[in-house]
Amino acid sequence: MHRDSADSPYRPANATVHGLVRNRLHRDELRLLSISSRISLGVAGIPKSSLTNPLKNTNPFLQQDFETPLRSGLSDGSGEYFVSLGVGTPPRTVNMVADTGSDVLWLQCLPCQSCYGQTDPLFNPSFSSTFQSITCGSSLCQQLLIRGCRRNQCLYQVSYGDGSFTVGEFSTETLSFGSNAVNSVAIGCGHNNQGLFTGAAGLLGLGKGLLSFPSQVGQLYGSVFSYCLPTRESTGSVPLIFGNQAVASNAQFTTLLTNPKLDTFYYVEMVGIKVGGTSVNIPAGSLSLDSSTGNGGVILDSGTAVTRLVTSAYNPMRDAFRAGMPSDAKMTSGFSLFDTCYDLSGRSSIMLPAVSFVFNGGATMALPAQNIMVPVDNSGTYCLAFAPNSENFSIIGNIQQQSFRMSFDSTGNRVGIGANQCN
């Protein structure tokens, strides 16, 4: 039978048509290169015995694209986005939070001293032949911000801004993405975990720091990855792609900035905001990153829902939006962190002022209507999905990123933005 047949025992359980076609074309390209090389060698009279294997003693998936399904965690009671991957040998499929705002990968492990509720069974490292503890003196252990040592076994602790935390042993393990296995990835095996990770088995750190998944294994796929976030209500999945094919065909590029004081976050240079096609009057420097102090700047973050703009940028943007709303749109009281809400009950449609982010290099992110206003109840109340930030930095959240394929190229120091590229 064909290897991609639905009846094939070698077909990944979570395979999509999109992924199967992509893998098939990739195999085809490799076969073409192989045939071409063999012909060239034969024509040139070079014996096969004189060749050396450039992949000897290296990961067999060097420079090969791979992907994994990404979906909304709403059905699991979570406001995060989940990715599905295999952990260990044999692989156990788990769902983990995809987070570009953190680095350390971890999952809940047995024996569990204190664990929150998750959908998947807890991971048991004793059932995996590739689970290896990291020693206290290793370079991987030394890269941890908070670490400990017990019987020469490296211990880790990661805390988050909402009070969530994970504590356990630092180890290496094999992660599987469909039929592709990535060996010896540093991952936390958490035995004491608390926080707002409802339903998820752990967290896949996609940040820029040294211990993030992209940083650890970037040489395997060219240090480029991308995601496209479906709407929260969506029940389907879209691929989180690692490799050169991750970049959308219609991508617009802007520079990826480096904060010398903090290596985790993806900073971009936003040069302006347009509302209704007109540039908003934002004080100079409001959105800039100060490379000497590490203050300011604009961060792209998959784990933050609502876009937060520094107050000096938010207020004029909000005022321009209010001025551009139809005069008969009934404004109502605010909701939680939203201060611009409307009663749209009884309406089948409404014309919203267009909102666009403009970045260095000319890249423009023109937001769809569902990325601008969101419903907050079942009675027709919709709010502007932005909020002010009293701190001196801004964050572009996942509501505004929905339906865009966001590509992160750390080697090329650029971010690609592709509209309507979720398939």
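Is Asp99 buried or exposed? Asp99 counts as buried because its relative accessibility is 11%, where buried means under 20% relative accessible area, exposed over 50% and partly exposed in between, with a 1.4 Å probe and protein chains only.

The model is predicted: local features need pLDDT of at least 70, side-chain atom pairs count only at pLDDT 80 or more, and totals for chains, interfaces and linings use all residues. Residues are numbered from 1 along each chain as its sequence is written, and side-chain values use heavy atoms, with hydrogens and water left out.

**Figure 1. Overview of the protein.** The protein has five helices and 30 strands. Both kinds of element are DSSP runs numbered from the N terminus, helices being H or I with at least four residues and strands being E with at least two. Of the 423 residues, 49% are buried. Among contacts between residues at least 6 apart in sequence, 67% join residues at least 24 apart; contact means heavy atoms within 4.5 Å.

**Figure 2. The annotated positions Asp99 and Asp301.** UniProt, in an unreviewed entry, lists Asp99 and Asp301 under "active site". UniProt positions are given in the numbering used here, feature names are shortened, and annotations may be inferred rather than shown by experiment. Asp99 and Asp301 both belong to the lining of the largest pocket. On a 1 Å grid over the protein atoms alone, a pocket is an open set of points with protein on both sides within 12 Å along at least five of seven lines, a cavity is a set where a 1.4 Å probe fits but cannot get out, and lining residues have an atom within 4 Å of a point.

**Figure 3. Surroundings of Asp99 and Asp301.** Asp99 lies in strand E3 (residues 92-99). Not counting residues up to four places away in sequence, Asp99 touches residues including Leu203, Leu206, Asp301 and Ser302. Asp301 is in the loop between strand E19 (298-300) and strand E20 (307-310), and counts as buried at 9% relative accessibility. With neighbours within four places in sequence left aside, the contacts of Asp301 include Asp99, Thr100, Ile395, Asn398 and Gln401.

**Figure 4. Strand E8 and its partners.** Of the 13 residues of strand E8 (residues 165-177), 11 are buried, so the strand is largely enclosed by the rest of the structure. Two strands pair if DSSP finds at least two bridges between them. Strand E2 (residues 81-87) runs antiparallel to E8 and is joined to it by two bridges, with Val87 opposite Leu175. Strand E5 (residues 132-133) also pairs with E8 in the antiparallel sense over two bridges; here Ser133 stands opposite Ser171. Five bridges join strand E7 (residues 153-159) to E8, and in the turn of this hairpin, which has five residues between the strands, Gly163 has a positive phi of about 95°. E8 and strand E9 (residues 180-194) are antiparallel over 12 bridges. Two residues separate E8 from E9 in their hairpin, where Gly178 takes a positive phi near 65°. Val167 of E8 faces both Gln157 and, in E9, Asn192.

Figure 5. Six of the six residues of strand E29 (residues 404-409) are buried. Phe404, Met406 and Phe408 lie on one side, and Arg405, Ser407 and Asp409 on the other. Asp409 is the bridge partner of Val224 and stands opposite Arg414 in E30. The charged end of Arg414 sits over the ring of Phe253, 3.8 Å from its centre; the criterion is NZ of Lys or CZ of Arg within 6 Å of the ring centre and within 35 degrees of the ring normal.

**Figure 6. The aromatic pair Phe357 and Phe386.** The structure holds 17 aromatic pairs. The ring centres of Phe357 and Phe386 are 6.1 Å apart and the planes are at 85°, so this pair is edge-to-face. Rings of Phe, Tyr and Trp (its six-membered ring) pair if their centres lie within 6.5 Å, with planes under 30 degrees apart counted as stacked, over 60 as edge-to-face and the rest as tilted. Phe357 is in strand E23 (residues 355-359) and Phe386 in strand E27 (residues 386-389), 29 residues apart. Relative accessibility is 0% for Phe357 and 0% for Phe386.
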